[in-house]
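Have the sequence and the 3D view open as you read.

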Amino acid sequence: MAELTYEDYKRRLSIQELLVDAGYRLNRRDGLRYPSYVRIDSDGRRVRGDKFIVTANGFCCFQPPERKNYNVISFIKEHPHFFAEYTPGMSADRLVNLVCRRLLNEPQEIRETRIFNPGKEGKPFDMDEYDLQAFRMDDWESQKKFYPYFKNRGIDLDTQRAFCSHFFLASKHRTDSKVFINLAFPLSLPAWPGKQIVGLEERSRPNAEGKTAYKGMAAGSNATKGMWIAQLNSHRSDVGFNIPLSGVKDVYWFESAFDAMAFYQIEKKETVAYADLGNAVFVSTGGTPSIRQFAGMLEQTPDANHHLCFDRDQAGQLYAVNFALQMNGRVFNTHMTKKDTLVVTDLTGKYGRTELDVRTFDFEAICKELGLEKGRIAYRPPSEGYKDWNDQLMGKRMDEDKEQENTEERQTRFRR
């Protein structure tokens, strides 16, 4: 079977072939000098605002009013739902190869069926490769080892004790004899919370300036389906949970375990709120949440209320909308434009595309515009002026320029 590269695809395929395959038709009314392709609805009428214009060289296109050019590679990657080969969770590079090989009548590569873990295609995570140090409630010496990791986060000892069943110190066995000890938050699947660790959300010990030099996922972690799932004061070693997920009243969603612990520390000051947290689980997606994380937890908590405590920036707002779409059973694709517009493509029934101005974000209004039920969803970002819950705990207000920078970086990493 011939090895083909992206350059081969761009050289041998025109953007017009790709547009036709994606369901667009040549719009002859616009002429042929700069051909345009439009989508037709089930009644044979043009879908307003859904048009791509082919640039002069015939190898790129753009969608007015934006002038962002797409070649055959970027078009497939940014519009995966246009193609029959696409399934949620698959690699964008894999999709490009499948679509382009089909259009070029090239035989498809033979692959064993497996779960794709973005950026971590080596061997799967193996807990036996790590030495662990636990935070033990009856051992002060064991607790002191965790102090450097939590001090600069403002997370106090009471909060550490409340969550102590759901973190530990981990050092991986290395061939060079070097030892790196990280604070580790174990990932598990919602179907078996705490029973099988499928990865680690890791944080290094802060350096002399108090900054965390390393944060990320342990090699081989299943960050597409796995997540950090924690319940207060749960110390059963066989399961780690006092209440099964099917029986919890509330699920609190965060982008990091530190944010979940900070939220708890802030909320526990209020007696009523603190009492309610005993029948809840705290979830960290370990960064950009995936559709599979949403779906897995929703399946296990059919009657729970879901509190969306993602960061207070556009990326966090996008995650909240994605959750609401998933909870309502929609098949969808979303993205933010640089003009502060949220674009929602709904593929559940007929093709539908909605553009929403999110300069002033109103979660309830957006759900209403999209026809989404939100009876069991509560949108709970940090207070105005704070990027995340850990920053709010520390009183660290965000700078507007930094907020935009973080948002643009994280919007490129939404996982399916």
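Ile291, Phe294, Ala295 and Leu298 in helix 10 touch Tyr319, Asn322, Phe323, Gln326 and Met327 in helix 11, where contact means heavy atoms within 4.5 Å. Sorted by class, this contact of helix 10 with helix 11 holds 7 nonpolar, 2 polar and no charged residues. Here Ala, Val, Leu, Ile, Met, Phe, Trp, Tyr, Cys and Pro count as nonpolar, Asp, Glu, Lys and Arg as charged, and the others, Gly among them, as polar.

A quick word on the source: this is a predicted model, local features need pLDDT of at least 70, side-chain atom pairs count only at pLDDT 80 or more, and totals for chains, interfaces and linings use all residues. Residues are numbered from 1 along each chain as its sequence is written, and side-chain values use heavy atoms, with hydrogens and water left out.

How do helix 10 and helix 11 pack? Helix 10 (residues 291-300) meets helix 11 at an angle of about 50°, and their axes are 10 Å apart. Axes are lines fitted to C-alpha atoms, for helices over the stretch in contact, and angles run from 0 to 180 degrees between N-to-C directions. The two helices, helix 10 and helix 11, are therefore oblique to each other (under 35 degrees is roughly parallel, over 145 roughly antiparallel, 65 to 115 roughly perpendicular, and the rest oblique).

Now for the sheets. Helices (H or I, at least four residues) and strands (E, at least two) are DSSP runs numbered from the N terminus, and two strands pair if DSSP finds at least two bridges between them.

| Strand pair | Bridges | Facing residues |
|---|---|---|
| Strand 15 (residues 341-346) and strand 16 | 6 bridges | Leu342 and Leu356 |
| Strand 2 (residues 36-40) and strand 3 (residues 46-54) | 4 bridges | Val38 and Lys51 |

Finally, confidence: mean pLDDT, the predictor's confidence in each residue from 0 to 100, is 84 for the protein. Over residues 110-121 pLDDT stays under 50.
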